[in-house]
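Have the model open while you read.

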Amino acid sequence: MNYAVYQVPDGIQFYGPARDFWAYKGPEVMLSGPYETGKTFAALNKLHGLLCKYPNSRSLMTRDTYADLINTAVVTYEKKVLPVPPEDAKSGVRKFGGEKPQFYDYPNGSRLVIAGLDNPGKTLSAEYDYVYVNQAEKIPLATWETLTRATTGRAGNAPYTQLMGDCNPDVPTHWI
């Protein structure tokens, strides 16, 4: 792996595992580590960067439940990752669904879908270039494996597809 520092568009630099996560282009990747180390921030920056870089790409942000997702990762995405909040007229990213967002559209035609795994019908039959699972330790292995079907390359809008996740430590017997 090239250990040069990888930068996101606004100049934030990632180091160590977060840098490796940012650079990795394989079909599946997990960023794990202790609590409060910036894993979600790094993952969301990568997702945002991919949506910006590849026009018309389709991505999914998900978690075990929709309620947990909109109260955690969606807040980080809107307040710490997007350069301008989606409600601001200066933002190129538009939010649809108000307080309970369903998706975000980018000016280049890319779309980020927001859905909880508590309603799998919304996510499992769709085709995505990228899927991001927040707090992946909260989902069973079978769910992760099912999500791999959504990133097979059928969406066809990016040079590679990826199922990515972040997770906190769990018991040693956990599937991650």
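1. Helices α2 and α4 sit roughly perpendicular to each other (the label covers angles of 65 to 115 degrees). Their axes, fitted to C-alpha atoms over the stretch in contact, come within 10 Å and cross at roughly 70 degrees. Here α2 spans residues 39-53 and α4 residues 73-81, both being DSSP runs (H or I, at least four residues).

2. On the model itself: it is predicted, with local features needing pLDDT of at least 70 and side-chain atom pairs pLDDT 80 or more, while totals for chains, interfaces and linings use all residues. Numbering starts from 1 along each chain as its sequence is written, and side-chain values use heavy atoms, with hydrogens and water left out.

3. The crossing of α2 past α4 is right-handed, i.e. the near helix is turned clockwise from the far one by less than a right angle. From α2, the contact (heavy atoms within 4.5 Å) takes T40, F41, L44, N45 and H48, and from α4 it takes A73, T76, Y77, K80 and V81. By class that gives 5 nonpolar, 4 polar and 1 charged.

4. Which residues of α4 are buried? They are A73, V74, T76, Y77, E78 and V81, where buried means under 20% relative accessible area (1.4 Å probe, protein chains only). Besides α2, these buried residues pack against α3 (66-71) and the strands β4 (58-63), β5 (94-96), β6 (103-105) and β7 (111-116).

5. Cysteines: the disulfide count is 0, using sulfur atoms within 2.5 Å as the rule. C167 is buried at 3% relative accessibility, whereas C52 is partly exposed at 38% (between 20% and 50%).

Methods:
Axes are lines fitted to C-alpha atoms, for helices over the stretch in contact, and angles run from 0 to 180 degrees between N-to-C directions. Helices (H or I, at least four residues) and strands (E, at least two) are DSSP runs, numbered from the N terminus. Angles under 35 degrees count as roughly parallel, over 145 as roughly antiparallel, 65 to 115 as roughly perpendicular and the rest as oblique. Ala, Val, Leu, Ile, Met, Phe, Trp, Tyr, Cys and Pro count as nonpolar, Asp, Glu, Lys and Arg as charged, and the others, Gly among them, as polar.
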